[in-house]
Amino acid sequence: MTPTRATPASTLTSTDAPAAAVPARPRTTRSNGQWAVDGRTPLNASEEMKAEDNGLNVRERIERVYAVQGFDSIADDDLHGRFRWWGLYTQRKPGIDGGRTATLEPHELEDRYFMLRVRVDGGALTTEQLRTIGGISTAFARDTADITDRHNIQLHWVRIEDVPEIWRRLEHVGLSTTEACGDVPRVILGSPVAGIAADEIIDPTRAIQEIARRYIGDPELANLPRKFKTAITGHPSQDVVHEINDVAFVATVHPDLGAGFDLWVGGGLSTNPRLGERLGAFVSEELVPQVWVAVTSLFRDYGYRRLRTKARLKFLLADWGPQELRRVLQDEYLGFALPDGPPPPQPTRSGDHVGVHRQKDGRYYVGAAPYVGRVSGSALTGVADLADAAGAHRVRLTPYQKLLVLDVPEDHVDAVVSGLRTHGLETDPSPFRRATIACTGIEFCKLAIVETKATAARAIDSLEERLGDLGDLTPIRLHVNGCPNSCARIQTADIGLKGQLVLDDDGTQVPGYQVHLGGGLASADREEAGLGRTVRGLKVTADGVPEYVERVVRRYVAERETGADGPESFAVWAHRADEEALR
């Protein structure tokens with residue numbers, strides 16, 4: 001075969017993504033739907049939908065037909081398929097309990113309103129952009145807004161008739177919903193302190209902007225086997241959860257080549273969690289866009305398409321291994337070998353960036369925690385006004401559902417801290433408010449079995465009171481998810497709660513959670529990422545979450561061992577503790 005090579009980064013344009021590879025590898029088993037092996041014949045309904053019409057093309061129908069004629073005019077394959085390419089999902093109809101989630105058809109579960117996801121690559125917003133989102137929320141989304149753990153902003157109660165005007169307002173300030181959902185390159189996670197942190201290794205801003213400018217909305221990359229998640233950070237805190245992304249670039253320093261990035265691939269959670277792996281390759285800053293499009297194109301061509309449950313890059317990595325994937329990447333897509341490189345060092349501090357921190361230019365960034373990402377359009381507008389009044393015109397969102405105001409002059413820090421608090425964002429939160437995240441849950445999500453946001457907020461308030469006497473308690477990550485799909489990263493939490501129906505003490509079926517314990521990503525107190533453990537039969541009702549968390553945290557405090565570096569972490573204790581201590 002003639003290798004398919006990526007165009008050099010210096011000449012690559014938005015339509016220069018490598019074409020699908022010519023079939024090269026003889027198939028020895030039944031077809032997995034790999035374009036480069038089996039050809040492009042669709043093997044399931046989703047692949048047929050994508051083959052019939054590129055998801056990006058639905059925008060014209062939304063603007064010219066559906067927004068004019070209303071919800072009932074929307075074709076089924078657009079509504080339940082291609083709308084995602086523009087950040088639109090129908091939201092859950094109110095009043096349907098979680099026990100019916102798996103038994104009802106999509107049209108029975110869904111409302112006539114939409115969740116709209118605003119794409120925020122790098123988590124970077126100007127105050128003008130933030131104010132625009134806030135205004136859209138109050139005008140068209142009943143003042144709803146959630147900061148997600150992929151630093152997007154999600155709005156709810158959106159009518160199809162209002163979508164064109166929402167797009168017009170977003171695009172007027174340089175924002176979009178393009179490929180915010182669907183089988184496409186999703187939002188690019190970027191370090192929230194890119195370009196400003198005093199301890200930054202390398203600034204990834206230019207690479208993030210180039211990838212977004214060249215490739216987001218490119219039809220050649222708009223039909224991937226499944227979603228494709230990217231993370232890029234130049235900060236030593238490794239603040240972009242890189243281990244659970246399909247491709248990630250993590251700052252490191254090569255002994256001969258200087259600062260650059262370590263290349264990771266194949267991470268992802270959901271119901272079959274797998275942590276990403278290093279390819280052992282060093283990527284210089286200028287090559288990041290070229291390597292990114294090469295990995296993305298490899299996934300497009302060789303990713304499994306027959307079964308959607310096996311269609312993420314992690315399954316290809318599991319079969320090929322990192323050495324073979326790197327070989328194919330270099331031989332068939334790059335056309336040159338990447339140099340070997342060192343792994344990134346262990347993080348030195350928290351990557352949530354909560355609190356007041358001095359920037360390298362002498363100004364400050366102020367990081368604040370809402371309750372599990374739940375804000376409002378009014379609050380976003382208020383934060384934009386607050387930042388502008390302080391002479392600070394940039395905001396960043398984080399993969400931990402937090403918000404940062406950048407470039408705050410020293411004499412305005414106190415006013416910003418106070419002002420954020422009035423809008424429901426706390427710069428000095430309790431350990432549980434700081435470290436708790438939650439997915440959308442049954443309030444709006446059609447896949448959810450239980451409620452999450454309100455449950456998590458109540459748990460935070462209760463735990464602040466129950467555990468207030470433990471003054472030396474470091475943040476313990478509590479992640480609350482409404483179904484098994486792990487949007488809230490339950491397997492990498494100290495305490496991860498997976499939504500399901502459980503039996504209470506009276507034998508009545510009620511909303512609750514299966515408990516995962518001791519998971520985590522690389523951090524200052526954890527050298528490597530690892531998945532949490534489960535204990536047979538360990539489940540908790542939604543109402544019982546605060547009592548359970550208090551019980552297990554107090555057992556940890558009583559039993560933790562202390563070494564030369566201080567007390568062992570909750571995760572270390574949870575993995576060595578006997579099962580009875582975890583109940």
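This is a predicted model: local features need pLDDT of at least 70, side-chain atom pairs count only at pLDDT 80 or more; totals for chains, interfaces and linings use all residues.
Which side chain of opposite charge is nearest to arginine 526, and how far away is it? The nearest one is aspartate 494, at 5.7 Å. Arginine 526 is buried, yet has no salt bridge.

One is the backbone oxygen of glycine 518, which lies 3.1 Å from a polar atom of the arginine 526 side chain. Another is the backbone oxygen of glutamate 528, which the side chain of arginine 526 reaches at 2.9 Å. If we leave aside neighbours within four places in sequence, arginine 526 is in contact with Gln346, Gly518, Gly519, Gly520, Leu521 and Ala571.

Next, the aromatic rings. A pair of rings is described by the distance of the centres and the angle of the planes. The count here comes to 13 aromatic pairs. I will show two of them.

One is tyrosine 113 with tryptophan 157, an edge-to-face pair with 5.2 Å from centre to centre and 75° between the planes. This pair links distant parts of the chain: tyrosine 113 belongs to strand 2, residues 110–118, tryptophan 157 belongs to strand 5, residues 153–158, and the two are 44 residues apart. Are these two residues buried or partly exposed? Tyrosine 113 has 23% relative accessibility, so it counts as partly exposed. Tryptophan 157 has a relative accessible area of 18%, so it is buried. The cut-off for buried is under 20%.

The other is tyrosine 556 with tryptophan 573. Their ring centres are 5.9 Å apart and the planes meet at 55°, so this pair is tilted. Tyrosine 556 is in helix 15, residues 545–559, and tryptophan 573 is in helix 16, residues 570–576, so the pair ties together parts 17 residues apart in sequence. Tyrosine 556 counts as buried because its relative accessibility is 4%. Tryptophan 573 counts as buried too, at 0%.

There is also an aromatic cluster, formed by Tyr66, Phe71, Phe83 and Phe114.

Arginine 305 lies over the face of tryptophan 35, 3.9 Å from the ring centre. The charged end of arginine 489 sits over the ring of tyrosine 400, at 5.4 Å from its centre.

Definitions and conventions: Residues are numbered from 1 along each chain as its sequence is written. Side-chain values use heavy atoms; hydrogens and water are left out. Buried means under 20% relative accessible area, exposed over 50%, partly exposed in between (1.4 Å probe, protein chains only). Lys and Arg count as positive and Asp and Glu as negative; His and the chain ends are not counted. A salt bridge is a side-chain nitrogen of Lys or Arg within 4 Å of a carboxyl oxygen of Asp or Glu. A polar contact is a pair of N or O atoms within 3.5 Å; within protein, one must be able to donate a hydrogen and the other to accept it, and residues adjacent in sequence count only if both atoms are side-chain atoms. Contact means heavy atoms within 4.5 Å. Rings of Phe, Tyr and Trp (its six-membered ring) pair if their centres lie within 6.5 Å; planes under 30 degrees apart count as stacked, over 60 as edge-to-face and the rest as tilted. Helices (H or I, at least four residues) and strands (E, at least two) are DSSP runs, numbered from the N terminus. A charge sits over a ring if NZ of Lys or CZ of Arg is within 6 Å of the ring centre and within 35 degrees of the ring normal.
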